[in-house]
Amino acid sequence: MVAVAQAVLFRRMRAVMLRPHDKGLIATTLNFDYEVRSAKEAFKEIPDIKIEADMPDLARHTIGMKKGTSSAEECDDRYEPHSPS
């Protein structure tokens, strides 16, 4: 279940979607209709290509070999340094 609300972000009124997450909420900004392009327009210049039969399997294998886990603590935020706990 989500809620839709309005909030002022960067001196501009924005529509946001609020959803529960653990003990808090996550707000996701939403686009107005004039800010969204149609998929047909956005992808019209991408040429049609034929994918070789073995390429999807190769891609799945490569992704399987490279995927892993990470945590926010491993990331360095240059813009908002976290204070020591």
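This is a predicted model: local features need pLDDT of at least 70, side-chain atom pairs count only at pLDDT 80 or more; totals for chains, interfaces and linings use all residues.
A residue counts as buried when its relative accessible area is under 20%, as exposed when over 50%, and as partly exposed in between, judged with a 1.4 Å probe on protein chains only.

Residues are numbered from 1 along each chain as its sequence is written, and side-chain values use heavy atoms, with hydrogens and water left out.

**The overall picture**

Let's start with the whole chain. The protein chain holds three strands and two helices, and from the N terminus on they come in the order β-β-β-α-α. The radius of gyration is 20 Å, well over the 12 Å that the globule rule gives for 85 residues, so the protein chain is more spread out than a compact globule. That radius is taken over C-alpha atoms, and the globule rule is 2.2 Å times the number of residues to the power 0.38. Helices (H or I, at least four residues) and strands (E, at least two) are DSSP runs, numbered from the N terminus.

Along its principal axes, the C-alpha trace spans about 50 × 40 × 30 Å. Buried residues make up 4% of the 85 residues. Contact means heavy atoms within 4.5 Å; among contacts between residues at least 6 apart in sequence, 2% join residues at least 24 apart.

The accessible surface comes to about 8,800 Å², and 57% of that belongs to carbon and sulfur atoms. These areas come from the Shrake-Rupley method with a 1.4 Å probe; for residues, only the protein chains shown count as cover.

Two strands pair if DSSP finds at least two bridges between them. Strand 1 and strand 2 run antiparallel and are joined by seven bridges. Ala3 has Leu18 in strand 2 as its bridge partner, and Ala7 is partnered by Arg14. Strand 2 also runs antiparallel to strand 3, with six bridges joining them; here Met17 stands opposite Thr28.

Arg14, in strand 2, deserves a look of its own. Is Arg14 buried or exposed? Arg14 counts as buried because its relative accessibility is 11%. Leaving aside residues up to four places away in sequence, Arg14 touches Ala5, Gln6, Ala7, Leu9, Leu30, Asn31 and Glu35.

Most residues other than glycine have a negative phi. Which residue takes a positive phi in the hairpin of strand 1 and strand 2? That residue is Phe10, in a hairpin with two residues between the strands. Phe10 lies in the loop between strand 1 (3–9) and strand 2 (12–21).

The hairpin of strand 2 and strand 3 also has two residues between the strands, and there Asp22 takes the positive phi. Asp22 sits in the loop between strand 2 and strand 3 (24–29). Asp22 counts as exposed because its relative accessibility is 77%.

| Residue | Phi | Relative accessibility |
|---|---|---|
| Asp22 | Asp22: about 50° | Asp22: 77% |

**Charges**

The protein chain carries 13 positive and 14 negative side chains, and the centres of the two sets lie 4 Å apart. Lys and Arg count as positive and Asp and Glu as negative, while His and the chain ends are not counted. The place of a charge is taken as NZ of Lys, CZ of Arg, CG of Asp or CD of Glu.
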